[in-house]
Amino acid sequence: MYIDLHNHFLPNVDDGIKEIEQTLFGLKLAVKEKVSKICFTPHIWAGRYNNTPEKLREVFEWVKREAKGISIELFLGSEVYYSSSLAEDFSKGLYIPIGNEKKYLLVEFSTAVLAQGASNGLYKLMLEGCEPIIAHPERYSYVQKDYECLFDFARSQIPMQVTTQAILGMLGTRAKATAIKLLDEGLVSFIASDAHSPDKRPLLFREAVRFLNRRYGYKTAKRLALDNPKRILEGKGVLPVAGKKGKYSQFV
Ligand SMILES: [Fe+2]
């Protein structure tokens, strides 16, 4: 069984699924993909997706009621767009951390330019008692150019999430090459779907895990798709993940 901690399946709150019927259909497909727990992570991005935790929780409770017959456990989090006021906004309660333990926050960055002072901003968040997670680093152009720009984050043991579709080459050759480079180097803590629809941007867990199994072996694939997502939900620290030839990251 797998756990998906990043997707846009909460209906009509961002650029993800629009109708609850699609959400329910997507959840049924997730069960077929062997996903047993799913955490919705709608965008919270000032000026673009002005979602409040209150509104998101209300939609979540509605979906939970409608999805009662589907054998999948539902959680709520958010995907937050990085800004220099991240820690301050977190302490004001403007974001929803992942799962019930509320220890981790999924943070995405501009795809074009690495935000100045990002390391510092994330460090401030950690001082508030919340661990950031870097969402899909393989999609950022500056990471594609030189993945060493992530070393500051890796040195601070900040978990990084890579996307199933990127691993499978569906987000372009650069994203795929970067995802695999990061996985090879043991810099990735877990995989997630970042699914936006049941069909156009789907979960693809089984196919991605098959790829990981072949390239890195069973233990690494399991750690990426199940063990670490489970630990994040439970508010525990993530385990190191071996990359190519069993190699761990130099920052472990
Ligand atoms: Fe996302």
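E79 stands opposite L106 in strand β6 of this predicted model. Strand β5 (residues 79-81) is joined to β6 by three bridges, and the two run parallel; pairing here asks for at least two DSSP bridges between strands. Strands are DSSP runs of E with at least two residues, helices are runs of H or I with at least four, and both are numbered from the N terminus.

How many residues of strand β6 (residues 104-108) are buried? Five of the five are, so β6 is largely enclosed by the rest of the structure. Buried means under 20% relative accessible area, with a 1.4 Å probe and protein chains only. Y104, L106 and E108 point one way from β6, while L105 and V107 point the other way.

Stepping back, the chain holds ten helices and nine strands. Its radius of gyration is 17 Å, close to the 18 Å that the globule rule gives for 252 residues, so the chain is as compact as a globular protein of that length. That radius is taken over C-alpha atoms, and the rule is 2.2 Å times the number of residues to the power 0.38.

Here are some whole-chain values:

| Property of the chain | Value |
|---|---|
| Span of the C-alpha trace along its principal axes | about 45 × 40 × 30 Å |
| Share of the 252 residues that count as buried | 56% |

Residues are numbered from 1 along each chain as its sequence is written, and side-chain values use heavy atoms, without hydrogens and water. As the model is predicted, local features need pLDDT of at least 70 and side-chain atom pairs count only at pLDDT 80 or more, while totals for chains, interfaces and linings use all residues.

Notes:
Buried < 20%, exposed > 50% of the residue type's maximum accessible area, 1.4 Å probe, protein only.
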